[in-house]
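Me: I have a structure open here and would like a quick walk through it. Can we take it piece by piece?

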Amino acid sequence: MPKSERKIFTNQSLSMKKIKAIGYDMDYTLIHYHTELWEELAYNTIVEYLKKHHMSMPKTKFDPELVIRGLIIDRKYGNILKVCQYGQVKLAYHGTSALSPKRIGQLYSKEIVHLSSDRFVFLNTLFSGSIGCLYTQLVDAHDHGQLASYDYDTLYELLDEATAYTHLESHLKSEIIKNPSKYVFKDDDMILTLKEQIACGKKLFLVTNSDWDYTQSIMSHVFDPYLDGESWESLFNVIVVGARKPAFFSSSQETFCVDRETSLLKPVGRKLPSGQIYYRCNAQEVESLLKVSGNDIIYVGDHMYTDINVSKRVFGWRTCLIIRELEKEINTIIINKESIKRLISMRRERHTIDKIMSRLEMDQITQKESFEKDQAEHLASLKKQYKKIDAQIIEEERKYNQLSNKTWGLLMRSGQQKSHLARQVERYADIYTSRVSNFHFYSPSCHFDYISRPLPHDTNITR
Ligand SMILES: [Mg+2]
């Protein structure tokens with residue numbers, strides 16, 4: 001069995017035996033980058049773009065600890081938020097300064113954060129680190145008067161434009177192609193995983209938003225050395241580049257073929273020729289090419305919306321979300337297991353004390369003169385105990401909320417509740433894991449079984 005941090009976790013039962021085709025995203029799914037190096041490069045490229053096209057930039061430096069995946073930018077107030085599963089703001093920073101609970105209450109107590117509003121931007125993937133970090137720094141610069149002519153919303157808009165430019169125009173990617181070993185993380189089990197899936201009769205396909213030149217360079221760098229002279233292309237039945245997900249899933253965008261030598265695009269007729277590199281294309285065409293559909297397919301990707309949410313919602317594909325940070329998250333929990341258990345047990349104890357205490361307080365009010373002296377002493381002692389344990393809990397909670405990231409805490413938790421990210425994972429990802437090669441620990445025909453978790457009212461049965 002794999003170590004805890006390399007396991008595959010199940011939200012909805014999934015029989016891999018029934019899966020006929022496995023689709024993969026490329027960036028941060030089949031290809032994993034050294035995140036800090038990549039994000040620092042992305043950050044510097046965005047800063048250069050902003051300097052050149054829009055503003056005199058403040059002196060800033062990439063700080064990988066400033067944000068984590070799953071946070072939400074509030075463009076209206078220039079804040080970064082950690083939101084729980086119910087859409088309530090639990091933690092917030094304005095620029096790089098923490099907001100007090102009182103201020104959070106003033107701004108958000110009457111508000112449920114809805115991602116359908118343009119005001120809120122969900123930091124969806126590992127690519128979001130550079131954007132989130134720079135946004136907090138631009139907000140600080142605005143507050144110090146340096147970028148005062150831009151409001152918080154416009155600052156995000158410019159950042160978004162710069163990000164699209166750096167990714168789409170491939171400035172960033174051309175740097176990576178020059179020196180892939182520096183940026184790309186090699187995982188020896190990856191090729192074994194794909195070969196096992198092929199050997200068990202699964203059709204593999206690749207759908208990436210990256211263009212052909214980049215895909216070709218990076219995939220051959222990672223896979224070709226393991227393929228005895230064969231090309232990485234031989235692993236896949238269908239390859240789609242420049243897919244423009246989510247449009248790939250939500251529209252019938254036209255398909256072109258890519259000339260492998262010149263990278264030029266060629267139009268295609270009504271029936272797609274097989275064995276080509278497809279450009280743009282759409283999920284319906286891919287289903288026809290593979291002769292599979294709906295829940296015969298599982299799609300594996302790292303982007304909650306463009307890979308997981310839309311493929312499931314529009315095409316009924318089964319889904320696997322890749323969350324690389326899960327390995328750090330799980331290891332942190334294992335290391336701190338005893339103190340987490342202690343915190344849970346202290347909360348239970350406080351709850352019990354509170355129940356008895358409030359009962360006695362009510363008796364004191366209703367019984368008045370008949371309220372005995374020993375009852376009053378008991379109540380006083382309980383109040384003391386409550387105060388003591390409450391102070392201990394606050395201290396333990398402070399430490400708990402700094403696990404993994406000292407500002408934002410654990411990725412999947414928001415205080416005692418699940419984080420907004422955890423809720424999204426639960427809702428849209430049938431299974432989730434830290435990396436594709438974790439499939440190597442399981443048979444390609446295995447059954448991922450959902451183990452029912454108790455509801456609050458189930459505790460009397462399960463305890
Ligand atoms: Mg990706």
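**Strands, helices and domains**

Reply: Strand β11 (residues 203-207) and β12 run parallel, joined by 3 bridges. Keep in mind that this is a predicted model.

Me: Which residue in β12 is the bridge partner of Leu-206?

Reply: Ile-239 is the partner of Leu-206 there.

Me: And which way do the β12 side chains point?

Reply: Strand β12 covers residues 238-241. Val-238 and Val-240 point one way, while Ile-239 and Val-241 point the other way. All four are buried. In a regular strand, side chains alternate between the two faces of the sheet.

Me: What is Val-240 in contact with, leaving aside neighbours within four places in sequence?

Reply: Val-240 contacts Leu-206, Val-207, Tyr-278, Cys-281 and Val-286. Val-240 also belongs to the largest nonpolar core, which has 110 residues. Ile-46, Leu-134, Tyr-135, Leu-159, Val-240 and Leu-321 touch the most other members of that core.

Me: Which helix gives the most to this core?

Reply: Helix α1 (residues 35-53) does, with 8 residues. The core draws at least three residues from each of domain 1 (4-33 + 183-327) and domain 2 (35-178).

Me: Back up. How is the chain divided into domains?

Reply: There are domain 1 (4-33 + 183-327), domain 2 (35-178) and domain 3 (337-402).

Me: How far apart are the C-alpha centres of domain 1 and domain 2?

Reply: Those centres lie 29 Å apart. In terms of contacts, 12 residues of domain 1 meet 11 residues of domain 2.

Me: Which elements give two or more residues to the domain 1 side?

Reply: On the side of domain 1 that touches domain 2, those are α8 (212-223) and α11 (304-315). The residues of that side divide into 6 nonpolar, 2 polar and 4 charged.

Me: New topic, helix α3. Why do we say its length agrees with what we expect?

Reply: Helix α3 (residues 128-143) has 16 residues, so at 1.5 Å a residue it should span 22 Å. Its end C-alpha atoms are 23 Å apart, which agrees.

Me: Is α3 mostly covered or mostly open?

Reply: Mostly covered. In α3, 14 of the 16 residues are buried. Gly-145 follows α3, and the phi of Gly-145 is positive, near 90 degrees.

Me: Now Ala-164. Where does it lie, and is it buried or exposed?

Reply: Ala-164 lies in helix α4 (residues 152-168). Ala-164 counts as exposed because it has 11 C-beta neighbours inside 10 Å, and the cut-off for exposed is 12 or fewer.

Me: How far is Ala-164 from Glu-261 in space?

Reply: They are 27 Å apart, C-alpha to C-alpha, and 97 residues apart in sequence.

Me: What is the order of strands in the open sheet with β5?

Reply: The order is β8-β7-β6-β5-β9, 5 strands with antiparallel pairing. The edge strands are β8 (97-98) and β9 (120-122), and each pairs on one side only. Strands β5 (residues 72-74) and β6 (residues 79-83) pair over 3 bridges. Ile-73 stands opposite Ile-80 in β6.

Me: Last bit, the whole chain. How many helices and strands, and what does the C-alpha trace span?

Reply: The chain has 16 helices and 21 strands. Its C-alpha trace spans about 95 × 60 × 35 Å along the principal axes. Of the 463 residues, 38% are buried.

Me: What share of the contacts join residues at least 24 apart?

Reply: Among contacts between residues at least 6 apart in sequence, 74% do.

How values were computed
Residues numbered from 1 in each chain as written. Predicted model: local features only at pLDDT ≥ 70, side-chain atom pairs only at ≥ 80, totals over all residues. Pairing = 2+ DSSP bridges. Expected span 1.5 Å × (residues − 1). Buried ≥ 20, exposed ≤ 12 C-beta atoms within 10 Å, placed from the backbone. Core = buried A, V, L, I, M, F, W, Y, C linked by C-beta atoms within 7 Å. Domains from an automatic or database assignment. Contact = placed C-beta atoms within 7 Å. Nonpolar A, V, L, I, M, F, W, Y, C, P; charged D, E, K, R; others polar.
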